[in-house]
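Please open the model in a viewer and keep the selection tool at hand.

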Amino acid sequence: MPEGILCNKTPIKTEEQLKLTLADKGGKQYYEELNNLDVDSDKLWASIQATMKSRTKTWLEICAHCGLCAESCFLYQVNGRVPEQVPSYKIQSTLGVMVKKKGKVDNAFMQMCMETAWAKCTCCNRCGMYCPHGIDMGVMFSYLRGLLYSQGFVPWELKIGAGMHRVYRAQMDVTTEDWVETCEWMAEENEEEWPGLEIPIDKEDADIMYTCNAREPKHYPEDVAEAAILFHVAGENWTVPSEGWEQTSLSMFAGDWECCKDNVLNVYSAIERLRPKRAIGTECGHAHRATVIEGPYWAGREDGQPPVPYIHYVEWLAEALRTGKLKIDPAKRIKEPVTLQDSCNYVRNQGLKNVTREILSYIVEPGYFVEMSPSKEHNYCCGGGGGFNGIGMYRAQRNMALRKKMEQILATGCKLVIAPCHNCWDAIRDLEEEYKIGIRWSFLKPLVIGMLDVPEHLRPKDEGEDE
Amino acid sequence: MYDFLTGPVLWATFLISFGGLIVRAVLYVRGLDWRLDRVAYRPNLKYGIRGGLRSIVAFLIPFKARLWQTRPGFTLIFFAFHIGLLVTPIFLEAHNVMLKQAFGFSLPAMPTGLADGLAWVCLVGGLFLALRRIAFPEVRIITNFYDYLLLVISVLPFATGLIARYELGAYDFWLCAHILSGEIWLICLPFTKLSHVILFFLSRMQLGMDYGIKRGGMKGTDMAW
């Protein structure tokens, strides 16, 4: 059987197919079909020839086999330093062999590649910083994922994830109506406490267009409310688009490049429709990577920039605190040892290492912030990046991967971890669940709201009178 | 034999070696693709060049990049090996005599003792690089025959050169062996992994441009290599 009903080379394009695949609990049938999936070697080789240019070719060729990348990889470190976890080995034995064999590889080989690409690499890009030749194996694994996806060799959850993005243009089944309703509901829900609170939808020519992660409207709508509250208190002229509000990209984790392009164009068309001065994304790492860092290239924008300046939430927050739009009540600052998780997707991949620390300088009592070691662009992946968090089949490997972050957090002695990234936040939550080290974790929004010095006119009437 | 090896063969060698390396460099740059690499090289060239140069310099200077700091022993051997490999042939007195005869000019020659020392450094360094391939599991798993062959090709001119210099055997034979092995090394440069003599710079430049343009440079933060 060359192609399965659920596991095949065709991306999920319809709601019907999506539901059918979702109904296959745990991907039981999907993975059985995977065992019989044929490799289209001609297509694979044609694809490699068309997309593997001098950068990647050179990376594969000039790797000096020096092994210096080994220690840079947290998965190598936590898995007993077995040589099979050396980044160079991982990429040479998968993509390297695939290229050498001109795509003439079999099902077993592709399944090995699949496991390596999604369970032995989170595409954190750390190895690229430690290779003397500047070989970024994270970039190559991302490329390999695309090749594997095009052949149908992708974990069940990511096939579905990319399907969600194709069908709903969101990582979850949140429709335009659901989203708009959630915004209205959240505005109403919090109006009493925050008089005048609004979530303006499709307002044209606003200063800010806000975009988020579908999980927020779906699972924690209070996050949408918190964003609204902070914009409201800061006095921003802002809006959310009814279409093009979702900026995440499980399709990027899956390697579904066609879908990545479609989704980012959807966000950019919202920008073109509403003409905001700039766009701001939520506290998510990969969403920022997809929409702001890689997105312009998928969309074919030659300058590598989104249509308007598009910043991460931490950049806006730092700016709002710096300019005094948001004021912190010094008495309410964090007065316990607290550490910060640097997200690979916007720290190593866009250098946003100083703004988060600037934010902490406002919200943490001096002396209580403890850096992880290493930190900033040298920080390790949370353990759940690149889609790792969501793949049931690789749960044991993912839990092992969390150990590096656990060691780092334990070494700081902190019980509170600030994680301004959905993936990191999830991984740290799971690490507490798995290893019970007694920590708490938080996004920035709820922390900041809890310590705001709210101007008189924005407070609820009765509370204002009481004071 | 000597005249033949230092005449037409040497000319052909230089042509193939340096010509080949230039071709490799040109092909590399032409093969860069802003869309596939996802780096807007051209519109942001200034940021790119800045990032690229930072990336090269960080790895060119011993102990500058974090990698070099984390592995001091390796760093010492590695740099000594590469410095010996490059400096010795260029500033060796005997080579410069030939240069003078052919073109009427020469580079400053280094003292014989220093040249001997550097040649030994290359041999011992090469030996260490081979031994670590055997000793460390993380290196052994990615090592193949080709890696040893390239090490041999790279140190052979030094081994034969020292034998000739100490006149340990038939001088003429070892001199010719030395010249031949040097020529083999030169010819191998463009066709093997030794092409990193040029591709190191280009590959580092590329990743540096990536960081200088897309991954932080344009946000005003420099990568701390």
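## Domains of chain A

In this predicted model, the centres of domain 1 and domain 3 of chain A, taken over C-alpha atoms, are separated by 28 Å. To see these parts, colour chain A by its domain assignment, which gives domain 1 (39-154), domain 2 (167-311) and domain 3 (330-450).

Next, display the contact between domain 1 and domain 3 of chain A, which takes 14 residues from domain 1 and 17 residues from domain 3. On the domain 1 side, select helix 5 (74-78) and helix 7 (107-119) of chain A, each of which supplies at least two residues. Helix 5 of chain A gives the most to this side, with 4 residues. Colouring the domain 1 side by class shows 9 nonpolar, 4 polar and 1 charged residues.

Select strand 1 (residues 208-211) of chain A. Are its faces covered or open? Both are covered: A:I208 and A:Y210 lie on one side, A:M209 and A:T211 lie on the other, and all four are buried.

Within strand 3 of chain A, A:I280 is the bridge partner of A:Y210.

## The open sheet

Move on to the open sheet of 3 strands in chain A, where the order is 5-6-7 and the pairing is parallel. Its edges are strand 5 (338-340) and strand 7 (440-442) of chain A, each pairing on one side only. From one strand to the next, the twist averages 25°.

For a detailed view, select strand 5 of chain A together with strand 6 (residues 416-418) of chain A; the two pair in the parallel sense over 3 bridges. A:L340 can be found opposite A:I418 of strand 6.

## Nonpolar cores

The largest nonpolar core has 163 residues. To find those with the most contacts inside this core, select A:C69, A:M140, A:L144, A:L148, A:A228 and A:L317. Which residues does A:M140 contact, leaving aside its neighbours within four places in sequence? They are A:T56, A:W59, A:I91 and A:L95. A second, separate core has 10 residues, including B:F81, B:L92, B:L118 and B:V155.

## An exposed residue

Select A:E177, which is found in helix 11 (residues 176-191) of chain A. Why does A:E177 count as exposed? It does so because A:E177 has 9 C-beta neighbours inside 10 Å, and the cut-off for an exposed residue is 12 or fewer. For a distance across the chain, select A:A396 as well: its C-alpha atom and that of A:E177 are separated by 38 Å, and the two residues are 219 residues apart along the chain.

## Between the chains

Finally, display the contact between chain A and chain B, which takes 42 residues from chain A and 44 residues from chain B. On the chain B side, the helices that each supply at least two residues are helix 2 (8-30), helix 3 (34-37), helix 4 (45-60), helix 5 (66-70), helix 9 (137-140) and helix 12 (196-213) of chain B. Select helix 12 of chain B to see the largest share of this side, 8 residues. By class, the chain B side divides into 20 nonpolar, 10 polar and 14 charged residues.

Terms used
Residues numbered from 1 in each chain as written. Chains lettered and ligands numbered in written order. Predicted model: local features only at pLDDT ≥ 70, side-chain atom pairs only at ≥ 80, totals over all residues. Contact = placed C-beta atoms within 7 Å. Nonpolar A, V, L, I, M, F, W, Y, C, P; charged D, E, K, R; others polar. Pairing = 2+ DSSP bridges. Axes fitted to C-alpha atoms, helices over the stretch in contact; angles between N-to-C directions. Core = buried A, V, L, I, M, F, W, Y, C linked by C-beta atoms within 7 Å. Buried ≥ 20, exposed ≤ 12 C-beta atoms within 10 Å, placed from the backbone. Domains from an automatic or database assignment.
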